[in-house]
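Reader: I've got a new model open and I'd like to talk it through with you. Could you take my questions one by one?

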Amino acid sequence: MNHSQPETRALDDAAKRPADWSRTAERSNMTALRVICWIAIKCGRRVARLILHPISLYFLLFSPTPRRNIKRYLFRAIGPGAGWGDGYRLLHAFASTVLDRVYLLRGRLDMFDVRVVGNEAVEAEALSGRGAFLLGAHMGSFEALGACKYQSPDHPKLRAAMLMFPDNARQINAVLDAISLPERRPHVIALGRSHSMLALRDWLDTGGMAGLLVDRTLPGQESEAAGQRGNSLELPFLGHPATFNDGPFRLAALLRRRVFFMAGLYVGGARYDVLFEPLADFTDRISDPAERERRIRTAVEDYVARLEALCRKYPYNWFNFHDFWLEDVH
């Protein structure tokens, strides 16, 4: 497969950009993670969920920086009445999705009530062999999207790769990889690696889906695509200006793919609501640069609007515990 040199250099440069949050060390203990996974597998989900309460309480009490950022978010998503109980509910929901990854990666979909909405368009795109971008956020569970794989022998399985910075979650990813079934183990294209963007292009060209969580902006990110700069856009989000980068949307326009919004929302107990919504269609060639810029910005604005609506409707599902509004750097 031949690729033009300017596009190749642009994609490689984008893959090498540093990211502060992407290099943040995880607050995990390998022994504790192994014990939790052992309890989950040997004792079952009902017993394992009992230990989520002390874990959530521990992080609420002894993680002051994430707690401060959680408080800021909840004040904006729920209102000034949000308190410690809301912070605990958010952390417990996060811990619940991490625990459920153990079962979902072992193929135990029978344990969950997963309701899927809007998957028909994504399935049609997968069957066409074109591939598409699935853009989500650090909201709910990406593994819950596994419920959308084709179950009929007459259809190929939905092939989804996750683009991510793996360095800040090596321990938990290593443990979960060890306990997951090979066919359930998600395919990962690691960002920040040499030629990672070319691996993405090849994956899409074979009909694969590319999942990205794009609610975190890389500091100093100035990715280039097709001679254009990737812009950091300041947009209203939950009543306050926040920075979003249009790089993923610009990349979708460069590779001429459709873009879908995705979310696997945890709604309590064993229930997940998985939704897909069409976000943008870049499959046609856009010759007018101004029109291309307008469509990219519109796609980013639509993404932010969908994310904001979900944060208000499912406030305990957004797991961004860093300084999202950059209030500590001023």
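Reader: Before we zoom in, how many helices and strands does the protein chain have?
Author: Keep in mind that this is a predicted model. The chain is 330 residues long, and 49% of them count as buried. As for its elements, the count is eleven helices and eleven strands.

Reader: On to strand β10: how many of its residues are buried?
Author: Strand β10 covers residues 258-266, so buried here means under 20% relative accessible area for each of them. The strand is mostly covered, and of its nine residues the buried ones number eight.

Reader: Which residue in β10 is the bridge partner of Phe133?
Author: Strand β2 takes in residues 132-136. It runs parallel to β10, and three bridges join the two. In β10, the partner of Phe133 is Val259.

Reader: And which residue in β11 partners Phe260?
Author: Here β10 pairs with β11, residues 271-281, in the antiparallel sense. That pairing has nine bridges. Within β11, the bridge partner of Phe260 is Pro278.

Reader: Which residue takes a positive phi in the hairpin of β10 and β11?
Author: Four residues lie between the two strands of this hairpin. The positive phi there is near 105°, and the residue that takes it is Gly268.

Technical notes:
Residues numbered from 1 in each chain as written. Predicted model: local features only at pLDDT ≥ 70, side-chain atom pairs only at ≥ 80, totals over all residues. Heavy atoms only, no water. Buried < 20%, exposed > 50% of the residue type's maximum accessible area, 1.4 Å probe, protein only. Pairing = 2+ DSSP bridges.
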